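Hi everyone, thanks for coming. I have one structure to walk you through today, so let me put it on the screen.

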Amino acid sequence: MREMTKQFLEAAFAGESMAHMKYLIFAEEAEKKGLLKLSKLFKAIAYAEYVHAKNHFKVLKKLSDDMKDNVQSCIDGETFEIEEMYPVYKNAAEFQDEKDAVRSTHFALEAEKIHADMYKKAKELVEKGEDYPAEKIYICPVCGYTVEDEAPEKCPVCGAPKDKFVEF
């Protein structure tokens with residue numbers, strides 16, 4: 001693929017991905033306000049944006065037939081966020097005394113550490129031809145803290161109660 005086309009598709013992938021997430025966030029808020037049909041509209045168009053992003057992702061050849069490569073891509077991304085991105089973002093937020101940004105980058109950094117470990121475990125298993133063993137995965141809806149099998153009584157990162165955790 002020629003470089004300009006690749007750069008444009010990568011930018012399109014990023015834009016479609018952000019639109020997808022933004023619309024899901026708007027859908028959640030609309031639902032909380034009782035605007036169920038507006039929520040449905042946001043969710044539907046979010047799905048269309050996901051389709052666009054997925055198409056760009058495939059054309060960019062970022063999806064491998066070998067699941068080990070896909071998991072390694074996740075490890076690489078999480079490691080970058082842990083070692084470079086979030087420490088710098090958090091540092092800048094602290095320097096500029098942006099307390100909400102400090103909190104959100106701290107929450108993300110702590111969750112990314114767990115995600116990287118989970119993906120490393122997943123890669124070892126995939127290399128052996130095995131599936132991931134956790135029956136359930138729980139996510140804190142406040143900070144993103146992630147845990148297998150059972151949610152803690154209280155989130156160790158932000159203090160959210162067990163009953164708020166989302167089960168997958």
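So, in what order do the 3 strands of the open sheet run? The order is 2-1-3, and the pairing is antiparallel. Please keep in mind that we are looking at a predicted model. At the edges sit strand 2, residues 146–148, and strand 3, residues 166–167, each of which pairs on one side only. Strand 1, residues 137–139, pairs with strand 3 in the antiparallel sense, over 2 bridges.

Now the core. The largest nonpolar core has 10 residues: F107, Y138, C140, C143, Y145, V147, A151, C155, A160 and F165. Take C143 from that set. Beyond its neighbours within four places in sequence, C143 is in contact with F107, A108, A111, C155, V157 and C158.

Next, a loop. Between strand 2 and strand 3 you will find D163. Is D163 buried or exposed? With a relative accessible area of 63%, D163 is exposed, because that value is over the 50% cut-off. D163 and C140 are 23 residues apart in sequence, and their C-alpha atoms are 9.6 Å apart in space.

Finally, let's zoom out. The domain assignment gives domain 1 (1–58), domain 2 (64–131) and domain 3 (133–167). Between the C-alpha centres of domain 1 and domain 3 there are 26 Å.

Key. Residues numbered from 1 in each chain as written. Predicted model: local features only at pLDDT ≥ 70, side-chain atom pairs only at ≥ 80, totals over all residues. Heavy atoms only, no water. Domains from an automatic or database assignment. Core = buried A, V, L, I, M, F, W, Y, C linked by side-chain atoms within 4.5 Å. Buried < 20%, exposed > 50% of the residue type's maximum accessible area, 1.4 Å probe, protein only. Contact = heavy atoms within 4.5 Å. Pairing = 2+ DSSP bridges. Helix = DSSP H or I, 4+ residues; strand = E, 2+ residues; numbered from the N terminus.
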